[in-house]
Amino acid sequence: MRFLIIDDDPVERSLTIATLRGKFADADMVEVCSREVFDEKMAETGFDLAITEYTLGWTDGLTLFKAIKSSHACLPVIMLTDSGGEDIAVAAIKSGMADYIVKRNRRRLLDAVESSLLETKKTEFCKNAESKAPRYERRDPFISRFELDLAYSMTISPDGKPILEWSTEQLKKLIGSVRFDGESKQQACDWVLPVHPDDIKIVQDRFEKLLAGCEDISEYRVVINDSDTRYFSDHSLPVRDPIDGGVVQLYGVLHDVTSRRKNEEELYLMQHAIDSCNNGIIITGLADKDFPIIYANEAFLRTTGYSRQDVLGQNCRFLQQSDRDQANVTELREALHSYRDGHAVVRNYRKDGSLFLNEVYISPIRDKQGKITHYVGVQNDVTGRIEMEDLLSKNEARMRSIFNNVFDGIIIINESGIIEKINPSVERLFGYSAEELIGYNINKLMSEPEQGRHDTYLKTYLNGGKAKILGFKREVSGVRKDGSVFSMELKVSDFDVEQRHFFIGTVHDISERKQAEEALRDLSGHLETAREDERTRIAREIHDELGSLLAALKMDLSWLSKQLPAGRSACHEKITVMNRQLDDAIGSVRRIIADLRPSILDHLGLLAAIDWKLDEFRQQTGMQCVLTMPENNIVIDDGTDIAIFRIMQEALTNIALHSRATKVTLDVETAANSLVMKITDNGCGMTEAQMNKPGKYGILGMHERARHCGGEIAIDSKPGKGTTLVLNMRLKSSEGGHD
């Protein structure tokens, strides 16, 4: 005897062979573990029985059974598997398999084999299988049985071409225009019906098998009326010539299997969808069998780490291992026994013992009569989600604590400017309760002109314009419940939540800081005034005391030079040197006096002082200097004129030290009670960081001088593009001439 053992698991093959040896010790056991070996063995003959697994690496047992029957029509086949189910068992028996056995009941295999071999010997058709002559002689009765079906017969011409010689009326109607007189060119084809282009290779291959003398059952698509595609199963029997053994005739029967194929395709799609699903899916039996798992998809196996063999036949409780005393598990049990849907999150354990949180949905499956036949369970590993929810909950509590306890006020408004949420600091700052603010417009907390500005900003932003206030801190005035106005620092940002747009404003009370800054600014102004007064006093004392002394020395040297005899050349030379030294000293004194308090400012006014200083700058640096200013002088109160002069002096000093410029332009313009001074150079420019560099007080000093006198300074500078300083100063005195 010769048995064909088909299983790609070597351990299972060994167990099967060992079982067979118990009764068929002398049988030749031929093992098949791959498609290549199977194809090779199918070309051989002399097999008495085949035993196959359902789940194979390259196909399944039902498909394999069709392949076996196509070349070994009378070979009995037994399916021995643990990966099938009730539906597979029914399909196997219906398709003509000798038996279906579950591997855990392998002890039944010997009886099944013996019974299959005995049944084969009793079959008259198989006893005469090697003799084709009797089949050839019975071809007419064979065809006659299918008069009402799609049956046909074809003869094979000497050149190997099939010629349709007969068909049932049903097939003639289907073929339509095909002629049967033996002379039509349409008869010289490898098939009867117009085959779908993608399936022509199937028909060509089956015809080659038929010409080789092998019975064939193939399925292929046929295009009816150029549009309707239908599936047909074509079962053909070759008839050999009893003399030379060549195939001379073909008998065939066509079955329209379109409905079955569509159902199979739908079933395949559903099966593929289930297998491709990221959620674990299982199907169980009913309570009378302890709800055993009969199906598990790949996601379930991947999540749990178990193989399909590990889980089939098991109750799902094995996933809880020893941790079965869970309230949520009880909920699932009650749902099962009360025949209803159930949902719970339970603690499950993978094959390696690691814990995962499993969200489970169970639902009963009912047949057409409404009877529950199975349960389906859908599981999802929600470990990450639960951990994230816990983390989010903790973070939310932390953020809520920060929101409620932060010192600064936080206000959240919607696109309409309506307050939706505030923190307790806002209640403290403005004196309102949360109930008095939430649902009201933010303008309630603003004074004019801030209310109008806010409405304009919001309208511009919502219309697609640029939000000038977003991301920047600015000083505004707030209004408390009692009507008092206070200074606050406001920073606004925006965010989106669930397709809604919000603005969040952070409010910081800077009333005390503003008061301190004002006091510091007053002190700075007072100190600057005191310094200028001290410089003026020192300049006058130097002028009056040291200037007078140097002038007297100059006169004394002149007198002494006249008293000395002409012959005392050495003395005259010494006097000349002393005169030069006195002149230098007088020049130094004049420069010191000018630096301390330029006298030209007191005698000729601000514009003249500016002209003098710019000319001095030109001589010292060699830069090109351009000055534009009014023809008439201006009269300015003491303190303002020196502040403007000092700002210009500091700007020119910075240009000389840092700018590497070659040209300086200074423009002075006056209007009613105001002066604008613009100083521009073509130097290397500055970055924002350089302008605000810690420890450098030149620019800061200019700003403070301007603020103290009621003015302001704006500086525009970019690296490589020079610097422009603009001073705007309010004047207390009107313009007038100067004598």
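Is E31 buried, partly exposed or exposed? I looked it up and found E31 partly exposed, with a relative accessible area of 40%. My cut-offs are under 20% relative accessible area for buried, over 50% for exposed, and partly exposed in between, using a 1.4 Å probe and protein chains only.

**Ground rules.** I am working with a predicted model, where local features need pLDDT of at least 70, side-chain atom pairs count only at pLDDT 80 or more, and totals for chains, interfaces and linings use all residues. I number residues from 1 along each chain as its sequence is written, and side-chain values use heavy atoms, with hydrogens and water left out. Helices (H or I, at least four residues) and strands (E, at least two) are DSSP runs, numbered from the N terminus.

**Salt bridges.** I noted that side chains of opposite charge can pair when their charged atoms come close. For a salt bridge I need a side-chain nitrogen of Lys or Arg within 4 Å of a carboxyl oxygen of Asp or Glu. The structure holds 34 of these salt bridges.

I began with E31 and its partner R13, whose side chains form a salt bridge at 2.8 Å, N to O. R13 sits in helix α1 and E31 in strand β2 (residues 28-32), so this pair ties together parts that are 18 residues apart in sequence. R13 counts as buried, at 9% relative accessibility.

Next I looked at E12, which makes a salt bridge with R106; their closest N and O atoms are 2.6 Å apart. This pair links distant parts of the chain, with E12 in helix α1 (residues 10-21) and R106 in the loop between β5 (99-102) and α5 (109-122), 94 residues apart. I found R106 buried, at a relative accessible area of 11%.

R385 belongs to helix α15 (residues 383-405) and E359 to strand β14 (residues 355-366), distant parts of the chain 26 residues apart. R385 is partly exposed at 37%, whereas E359 is buried at 10%. I also traced one network, in which salt bridges that share partners join D7, E12, E53, K103 and R106.

**Helix packing.** How do α22 and α23 pack? Helix α22 (residues 606-621) and helix α23 (residues 640-659) make an angle of about 15 degrees, with their axes 10 Å apart. The axes are lines fitted to C-alpha atoms, for helices over the stretch in contact, and angles run from 0 to 180 degrees between N-to-C directions. α22 and α23 are therefore roughly parallel to each other, a label for angles under 35 degrees.

I then listed contacts (heavy atoms within 4.5 Å). Residues of α22 including L606, W612 and F617 meet residues of α23, among them I644, F645 and L652. The residues of this contact divide into 12 nonpolar, two polar and two charged.

**Loops and positive phi.** F291 has a phi near 45 degrees, a positive value in a residue other than glycine. I placed F291 in the loop between β11 (280-284) and β12 (293-296), and it is buried at 8%. Y339 is not a glycine either, yet has a positive phi of about 55 degrees. Y339 lies in the loop between α14 (327-337) and β13 (342-349) and counts as exposed at 52% relative accessibility.

My last stop was A43, in the loop between α2 (35-42) and β3 (49-52). A43 counts as exposed at 68% relative accessibility.

Conventions:
Angles under 35 degrees count as roughly parallel, over 145 as roughly antiparallel, 65 to 115 as roughly perpendicular and the rest as oblique. Ala, Val, Leu, Ile, Met, Phe, Trp, Tyr, Cys and Pro count as nonpolar, Asp, Glu, Lys and Arg as charged, and the others, Gly among them, as polar.
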